[in-house]
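Please look over the sequence and the structure below. The briefing that follows goes through the strands, their pairing and the surface.

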Amino acid sequence: MNPFSEYAAIIGIDWADRKHDLCLKTPDDDSLEYSVLEHRAMLETGVRSN
């Protein structure tokens, strides 16, 4: 039995300060798909909570 078969996908994230590495695995395929996201700092919006 495939332990991943009950999920639509498994996603691994390596969260870092300059870039984020992603790995996607679907239950119907033995391959892994890799992606990289560039880290971007959040901008201050100036919105205040009351």
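In this predicted model, strand β3 (residues 33–38) lies largely in the open, because 0 of its 6 residues are buried. Buried means under 20% relative accessible area, exposed means over 50%, and partly exposed lies in between, with a 1.4 Å probe and protein chains only. Strands are DSSP runs of E with at least two residues, numbered from the N terminus.

**Basis of the values**
- Residues are numbered from 1 along each chain as its sequence is written, and side-chain values use heavy atoms, with hydrogens and water left out.
- Because the model is predicted, local features need pLDDT of at least 70 and side-chain atom pairs count only at pLDDT 80 or more, while totals for chains, interfaces and linings use all residues.

**The sheet**
- The 3 strands form an open sheet in the order β1-β2-β3, with antiparallel pairing.
- β1 and β3 are the edge strands, each with a single partner strand, so one side of each has no neighbour in the sheet.
- Neighbouring strands of this sheet are turned by 20° against each other on average, direction ignored; the axes behind such angles are lines fitted to C-alpha atoms, and angles run from 0 to 180 degrees between N-to-C directions.

**Strand pairing**
- Two strands pair if DSSP finds at least two bridges between them.
- β1 and β2 are antiparallel and share 6 bridges, and a hairpin of 3 residues links β1 to β2.
- In this pair, isoleucine 10 is opposite lysine 25 of β2.
- Strand β2 (residues 19–25) is also antiparallel to β3, with 6 bridges between them.
- Histidine 20 has leucine 37 of β3 as its bridge partner, leucine 22 stands opposite serine 35, and cysteine 23 is partnered by tyrosine 34.

**The surface around β1**
- Isoleucine 11 belongs to strand β1 (residues 10–15) and is exposed, at 57% relative accessible area.
- Ile11, Ile13 and Trp15 make a nonpolar surface patch of about 390 Å².
- Patch residues have over 30% relative accessible area and no salt bridge, and nonpolar side chains (Val, Leu, Ile, Met, Phe, Trp, Tyr) are joined within 5 Å, like charges within 9 Å.
- A salt bridge is a side-chain nitrogen of Lys or Arg within 4 Å of a carboxyl oxygen of Asp or Glu.
- In a regular strand, side chains alternate between the two faces of the sheet.

Key:
Helix = DSSP H or I, 4+ residues; strand = E, 2+ residues; numbered from the N terminus. Areas by Shrake-Rupley, 256 points an atom, 1.4 Å probe, with all protein chains shown as cover.
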